Amino acid sequence: MTDDLLTLMKSRRSCRHFLDKAVPCKLLETLIEAGRFAPSASNVQAWKFCLITDPDLVRKVDLFSPGLSGKPPVILAICSDREYAGKRGGVAASEILATIDASMAAENIMLEAVSLGLGTCAIKSFNNAAVRKLLKLPPQIEIELLLSIGYPDADPHISLRKPLEEILFYNKWKETCINE
Ligand SMILES: Cc1cc2nc3c(=O)[nH]c(=O)nc-3n(C[C@H](O)[C@H](O)[C@H](O)COP(=O)(O)O)c2cc1C
């Protein structure tokens with residue numbers, strides 16, 4: 001990993017304050033392009049991406065999403081076609097792997113957003129039934145995660161990370177590096 005990539009990763013922070021400024025579709029589609037190149041189990045790519053840009057729909061989704069803050073101009077619903085995933089990869093693909101794949105796509109998208117000067121925040125706290133109704137989703141399409149997207153309006157809150165010593169072990173539980 002280059003220092004630049006690590007620096008970019010470290011500068012991605014959840015954005016919860018957005019400017020009242022539209023994001024061009026071209027830029028939004030660059031984000032989806034980043035998501036499209038994420039890895040997926042057996043390359044199933046069961047994901048579907050819904051860019052919510054209609055201000056009225058954004059407002060309605062916001063109303064049903066307690067975890068969402070900062071009035072973003074765009075909300076991305078990262079969905080997966082669970083039926084397709086199941087047909088391609090069985091029960092595990094449908095019930096677990098599709099969600100992991102969507103998470104991989106989400107991180108790609110959030111990192112690409114940083115490089116384009118956009119802020120994002122992952123949102124899991126939303127009323128699934130209400131939002132899927134607003135988006136007119138068919139039954140096989142599951143919403144995995146929402147991402148708020150927009151131009152940041154303030155420096156993000158810096159959430160701390162646990163130190164490496166607390167989260168890393170080598171080979172077996174609690175062992176340390178053997179070839180310094
Ligand atoms: C799966 C997932 C769900 C999340 N759901 C919410 C949410 O509903 N509301 C919210 O404000 N932030 C949400 N977050 C953002 C986390 O709170 C945030 O990533 C974490 O505090 C670390 O901060 P950072 O993103 O600024 O590094 C979610 C993040 C993840 C990965």
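I began with L164, which I found placed in helix α6, a helix that spans residues 164-167. I note at the outset that what I have open is a predicted model.

Next I turned to the ligand and wrote down the residues around it: R12, R13, S14, R16, G67, C121, A122, I123, K124, S125, S159 and R161. Among these I checked distances to ligand oxygen atoms, and for R161 I noted 2.7 Å from an N or O atom of the side chain. For S159 a side-chain N or O atom is likewise involved, at 2.8 Å from an oxygen atom of the ligand, whereas for S125 I recorded a backbone N or O atom, lying 3.1 Å from a ligand oxygen. The ligand on its own has 620 Å² of accessible area, of which the protein covers 61%.

Last, I consulted the UniProt record, an unreviewed entry, which places the feature "domain: Nitroreductase" at residues 10-61 and 72-151. Over residues 10-61 I read 40% helix and 12% strand, with the end C-alpha atoms 29 Å apart. Over residues 72-151 I read 51% helix and 29% strand, and there the end C-alpha atoms are 8 Å apart.

Methods. Residues are numbered from 1 along each chain as its sequence is written. This is a predicted model: local features need pLDDT of at least 70, side-chain atom pairs count only at pLDDT 80 or more; totals for chains, interfaces and linings use all residues. Side-chain values use heavy atoms; hydrogens and water are left out. Helices (H or I, at least four residues) and strands (E, at least two) are DSSP runs, numbered from the N terminus. UniProt positions are given in the numbering used here, feature names are shortened, and annotations may be inferred rather than shown by experiment. A residue is near a molecule or strand if one of its heavy atoms lies within 4 Å of it. A polar contact is a pair of N or O atoms within 3.5 Å; within protein, one must be able to donate a hydrogen and the other to accept it, and residues adjacent in sequence count only if both atoms are side-chain atoms. Accessible areas come from the Shrake-Rupley method with a 1.4 Å probe; for residues, only the protein chains shown count as cover.
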